[in-house]
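Reader: Please take a close look at one part of this structure, namely its charged side-chain pairing.

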Amino acid sequence: MSKNSITSTVVEKIGSTTSILVAGTFYAVLCYQRDAFMVSFFVGAISNGILSKVLKKVLKQSRPAELDASSMELAPSDNGMPSSHAMSLGFICTFTALTLPATTLPLLTYTLISLKYRIQTNLHSFEQIAVGAVVGSLNGALWWQLCTGTNNPGRINIVDWVSASPIIDSQTGLLRWYLLSVPALVGAAVVGSVERRLARYFSNKKADGKAM
């Protein structure tokens, strides 16, 4: 196998599994840690994801004309600007890198490979990826400051607000375990591939109903 072939395979494997891997890892860490900081991180990531969907509807820029949706198991039906994947990766990786600086290089490498795949497969144009990555990264940096009080002493601190809320057990300082179903459902609704799977499922059910 040639070097180019190996590189293409790596890019495809990483790029095609990004949604499930990132979402699954995020939820697993949330379940394990369950503290106010992690819950605040989750709230920011979901808000960032919702913003990406709003921007798509406002900007109304189509995906690249070269996209061959017929060859895809889950063809995207939404607009392309900005890339939701790029915004999510920008937010999550920036927030994580600021929290754990040692992860910066691995996260940056993973993000670049994942986003390269989306350009190569014409899921997004370079501009759509670039705008998504920049907006997501800026959101991640801003949210991290609001969560840590950095450059904002004595003012907004999202973690303190979450800690004082009833969703956190005052004795353990952790998210109440029975509420873990909420981020799972909300996260699934925001992740694009899950949204498309549900849309396809209900579309098939509707078609089956008409056929009967």
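How many salt bridges does a search of the whole structure find?

Author: The model is predicted, so local features are given only at pLDDT of at least 70 and side-chain atom pairs only at pLDDT 80 or more, whereas totals for chains, interfaces and linings use all residues. Residues are numbered from 1 along each chain as its sequence is written, and side-chain values use heavy atoms, with hydrogens and water left out.

The search of the whole structure finds one salt bridge, defined as a side-chain nitrogen of Lys or Arg within 4 Å of a carboxyl oxygen of Asp or Glu. Side chains of opposite charge can pair when their charged atoms come close. Here the partners are D169 and R176, with an N to O distance of 3.8 Å. D169 has a relative accessible area of 21% and is partly exposed; R176 is likewise partly exposed, at 27%. The accessibility classes are buried, under 20% relative accessible area, exposed, over 50%, and partly exposed in between (1.4 Å probe, protein chains only).

Turning to the cysteines, the count of disulfides is zero, a disulfide being a pair of cysteine sulfur atoms within 2.5 Å. C93 is buried, with a relative accessible area of 13%, and C147 is buried at 3%.

Elsewhere, the side chain of T94 has a polar atom 2.6 Å from the backbone oxygen of G90. Beyond its neighbours within four places in sequence, T94 is in contact (heavy atoms within 4.5 Å) with L89, S137, G140 and A141.

Note on methods
A polar contact is a pair of N or O atoms within 3.5 Å; within protein, one must be able to donate a hydrogen and the other to accept it, and residues adjacent in sequence count only if both atoms are side-chain atoms.
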